[in-house]
Amino acid sequence: MASDFYVLQGNLDFAEYLPLLESQGGTGPFRYGWSFDYPAPDSYLTPLFTTQSLAPAGSNYSFWTNPEVESLISQGDQAESPEAGVENYQAAEDIIAEEMPMAPMFFTEVQSVTSENVSNVRLDLFQRIVTSEVTVNNA
């Protein structure tokens, strides 16, 4: 009786890994390791989920595309302001989440500490303390 499971392997050098994915040579789940570069939806939507970003020209190694998603991303990109494009980007994300071309599995965990000697401590989107906003309290 054949067993339906994957044996995860980590024996490829990185120089071999991307060419294997580019040739669609993956035979099961694979690790992406993608992180956004700046706090904007286009930092991950276009590179991972559009035809223009299909490997090897881009980072769409799942080779998944959807014309409706691409239209929504384009509408978001052409909006008058970043805030005006959010609704389009969120609609694209809803379709992506429903069709699930990839599954997010790991997230960075950042630890930070504070004390009663400071206030207004806030973490930004990259999980860094916004030092310009920190207030030192008088003792």
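Contact here means heavy atoms within 4.5 Å. With that in hand, let's look at some close-ups of this predicted model.

**View 1. Helix α4 and its packing partners.** The buried residues of α4 pack against α2 and α3. These buried positions are Gly85, Asn88, Tyr89, Ala92, Ile95 and Ile96.

**View 2. The length and bend of α4.** Helix α4 covers residues 82-99, and its 18 residues should span 26 Å at 1.5 Å a residue. The C-alpha atoms at its ends are 25 Å apart, which agrees. Along the way, α4 bends by about 25 degrees at Asn88. After the helix comes Met100, with a positive phi near 45 degrees.

**View 3. The largest nonpolar core.** Eleven residues make up this core: Leu45, Leu48, Phe49, Trp64, Val69, Leu72, Ile73, Tyr89, Ala92, Ile95 and Ile96. Helix α4 gives the most, with four residues. As a general rule, nonpolar side chains in soluble globular proteins tend to be buried together.

**View 4. Around Tyr89.** Here is a closer look at one of the core residues, Tyr89. Setting aside residues up to four places away in sequence, Tyr89 touches Pro41, Leu45, Ile73, Gly76 and Asp77.

**View 5. Ser53, a buried loop residue.** Ser53 sits in the loop between α2 (45-49) and α3 (67-77). Its relative accessible area is 8%, so Ser53 counts as buried, the cut-off being under 20%. Beyond its neighbours within four places in sequence, Ser53 is in contact with Thr46, Pro47, Gly58, Ser59 and Asn60.

Methods:
Residues are numbered from 1 along each chain as its sequence is written. This is a predicted model: local features need pLDDT of at least 70, side-chain atom pairs count only at pLDDT 80 or more; totals for chains, interfaces and linings use all residues. Side-chain values use heavy atoms; hydrogens and water are left out. Helices (H or I, at least four residues) and strands (E, at least two) are DSSP runs, numbered from the N terminus. Buried means under 20% relative accessible area, exposed over 50%, partly exposed in between (1.4 Å probe, protein chains only). The expected span of a helix is 1.5 Å times one less than its number of residues. The bend at a residue is the angle between axes fitted to the seven residues ending there and the seven starting there. A nonpolar core is a set of buried Ala, Val, Leu, Ile, Met, Phe, Trp, Tyr and Cys residues joined through side-chain atoms within 4.5 Å.
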